[in-house]
Each structure stands twice: as structure tokens, then as C-alpha cells.
Amino acid sequence: GSYWHSDARRFEVATSCVPLCSGLSASLELLASAGSDADRLTQIQACSKQLWQGLQAIAGVETLLPEPPPAGLVSFTLEGISTQDAVQALGEQQIWIRRLDDPDCLRACTHITTSASEVERLLEAITKLT
């Protein structure tokens, strides 16, 4: 197509989405209020460690890492249920994790908004799947 328009589009240089800019600003303020980068990482690591340790106690579950992860991603496998079926079963309970293809595993992500009770809810649901 032509770079030159005969209508009002010829006067538009760029488009700014003000609502998205406002959302970004609010998000950055919320992050800043949650503490420093180090504080936030510590919080994320505490949740992922809680999840990783909880998974160690469930028969039929194997974590991909032999120690708690350095950030918020916890990958694991379950015996007796396909990763696709596990994601679907958890989703029906409003618990959202994802499956990966290579290696075929499940992955849960913790963040600064993840609570200890949410981790426990996931662990209880996984226990019922195995």
C-alpha cells in the first residue's frame, strides 16, 4: 500500500493509547509500593520454595529442579495423568498453570501477588490428581 493518504490519515504521525499508558503507570506504582527489586524477588522465591517443597512431599510428583528455583517458575511432572488432562482438571477448579511440550511437564508461576494460601490450594489440588 501507499505511504501517502489523501484523507486525514496523512496528518497522523503516531497513535498513543492513553488508557494503556495509565494502566502502565498504575502497574509501576504498585510494583514500587511492593518494595525494592530485591524485596520482590525474595517474596517470589519464598512462594516458589513453598511450592517446590510441597511438591516434594506428594507421591507421584517429580520436580525438574533438584533444589528450589531461583525465581518464580516451578516445573514438575505427575504420574498417572497427562499434562494436558492435569491442566484441564486444575482449570476447572479455577487454578491456572500451564504445560510445556519439551520437556513434557507442568509449570506453575509464583509472583508478588501469589499468597501462601494459593500455593496450598494448588498443592491440595495436585495431591488429588495423583
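This is a predicted model: local features need pLDDT of at least 70, side-chain atom pairs count only at pLDDT 80 or more; totals for chains, interfaces and linings use all residues.
A residue counts as buried when its relative accessible area is under 20%, exposed when over 50%, and partly exposed in between (1.4 Å probe, protein chains only). Numbering starts from 1 along each chain as its sequence is written, and side-chain values use heavy atoms, leaving out hydrogens and water.

Now for the layout. The protein has four helices and four strands, which are DSSP runs numbered from the N terminus (helices: H or I, at least four residues; strands: E, at least two). The C-alpha trace spans about 70 × 40 × 25 Å along its principal axes.

Let's head inside. A nonpolar core is a set of buried Ala, Val, Leu, Ile, Met, Phe, Trp, Tyr and Cys residues joined through side-chain atoms within 4.5 Å. The largest one here has 21 residues, and Leu51, Leu55, Phe76, Leu78, Leu122 and Ile126 are those with the most contacts inside it. Elements giving two or more residues to this core include helix 2 (37-56), strand 2 (73-78) and helix 4 (116-129). Helix 4 supplies the largest share, six residues.

Zoom in on Leu51: leaving aside residues up to four places away in sequence, Leu51 touches Val74, Ala108, Val119, Leu122 and Leu123, where contact means heavy atoms within 4.5 Å.
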